[in-house]
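Please consult the sequence and the coordinates alongside the text.

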Amino acid sequence: AYAEFLRSRDVRGTFFIQTKYLRDYNDSIMLTDATAAHLRRLGELGMELASHSVSHANAFRHFEMGHGTERYPDYRPVVVSRDRAEGGTILGELRVSKFLIETLAKPARVVSFRPGHLSNPPGLPQALEATGYRFSSSATAGVSLTHLPFRLTRDRLASAETGVFEFPITVEDERDPPMGARLEQSLAVARKIARHGGLFVVLIHPNVIDHKLGFLRALVDRLKGEAWFGALEEFGRWWAARDRVELDVERRGDRLVARLAAPEAVAGLTLETPAGWFPDPAAPTSRAARATARGILIERLEGAAEFVLMPRD
């Protein structure tokens with residue numbers, strides 16, 4: 001129902017799939033021949049399929065790293081209680097869930113991850129990178145203290161960055177009051193974040209159709225004209241390309257020349273400029289950029305390019 005609604009509004013969403021194939025303390029078996037058909041249907045509707053682990057263990061934050069050869073069906077993580085699990089590893093949760101989703105929902109490619117309970121082991125960043133993931137949405141904006149994506153570091157310390165980006169969660173569905181009663185408050189937060197060009201990530205467990213789906217319908221319909229909507233991999237790929245852009249600025253007479261280099265193609269790149277400066281209409285690249293309230297919007301950038309700015313008279 002959630003995917004059908006998003007498709008009706010021409011919006012892609014990310015569906016984090018739990019690939020549970022053992023019955024344990026947490027729940028019954030979730031991944032069966034019957035439920036695999038739902039994965040394929042989500043793909044047909046254009047949704048991103050992402051991993052939500054195998055076991056959905058609250059104890060995931062205490063899992064050992066593993067050896068990197070974990071395979072289905074020999075990998076057998078069992079949740080014993082709320083805070084204890086046996087047989088699970090970080091690499092096993094990542095490798096096996098990715099394999100199952102990609103195998104059952106071809107041609108899906110799993111590049112995004114969210115752990116159950118947002119249980120976050122210190123070694124997760126390098127494990128994600130080692131197993132082919134590019135994007136994580138595993139922490140809240142309140143914990144991260146930002147509404148912008150950021151690059152994860154090895155063991156979450158300060159010594160080494162990974163190539164994996166974190167996209168913090170803004171609104172989730174398990175706090176009181178019920179999600180349907182938080183619409184106006186959520187819209188106000190979204191618009192406040194938008195003033196700073198921030199990210200508004202909504203987490204919904206699609207276990208009920210009433211107030212949660214109603215919240216999503218109203219949020220999309222009321223923000224559709226003023227916000228961009230998309231799956232995590234869509235925005236993630238754009239953000240990763242943006243992160244690689246290099247910028248140098250020099251003054252030439254009464255002009256400012258901004259030299260940019262983009263190793264990956266990036267569209268819709270905003271270059272914030274000093275107040276009162278705008279693209280020089282006589283410059284060759286002026287057709288690829290237009291003035292906005294925040295600076296200049298570059299329609300598409302790949303490789304090296306120069307943008308000349310001139311002051312208003």
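Which side chain does a polar contact of 3.1 Å join to that of His56? The partner is the side chain of His52. This is a predicted model, in which local features need pLDDT of at least 70, side-chain atom pairs count only at pLDDT 80 or more, and totals for chains, interfaces and linings use all residues. Residues are numbered from 1 along each chain as its sequence is written, and side-chain values use heavy atoms, with hydrogens and water left out.

- His56 lies in the loop between strand 2 (48-51) and strand 3 (78-81); helices (H or I, at least four residues) and strands (E, at least two) are DSSP runs numbered from the N terminus.
- His56 counts as buried because its relative accessibility is 14%, where buried means under 20% relative accessible area, exposed over 50% and partly exposed in between (1.4 Å probe, protein chains only).
- A polar contact of 3.4 Å links the side chains of His56 and His117; the term denotes a pair of N or O atoms within 3.5 Å, where within protein one must be able to donate a hydrogen and the other to accept it, and residues adjacent in sequence count only if both atoms are side-chain atoms.
- Leaving aside neighbours within four places in sequence, His56 is in contact (heavy atoms within 4.5 Å) with Gln18, Asn26, Glu93, Gly116 and His117.

**Helix 3**
- Eleven of the 15 residues of helix 3 are buried, among them Glu93.
- The cover over these buried residues includes strand 1 (14-17), strand 2, strand 5 (112-113) and helix 4 (124-130).
- Thr89 caps the N-terminal end of helix 3, with a side-chain oxygen 2.8 Å from the backbone nitrogen of Gly92.
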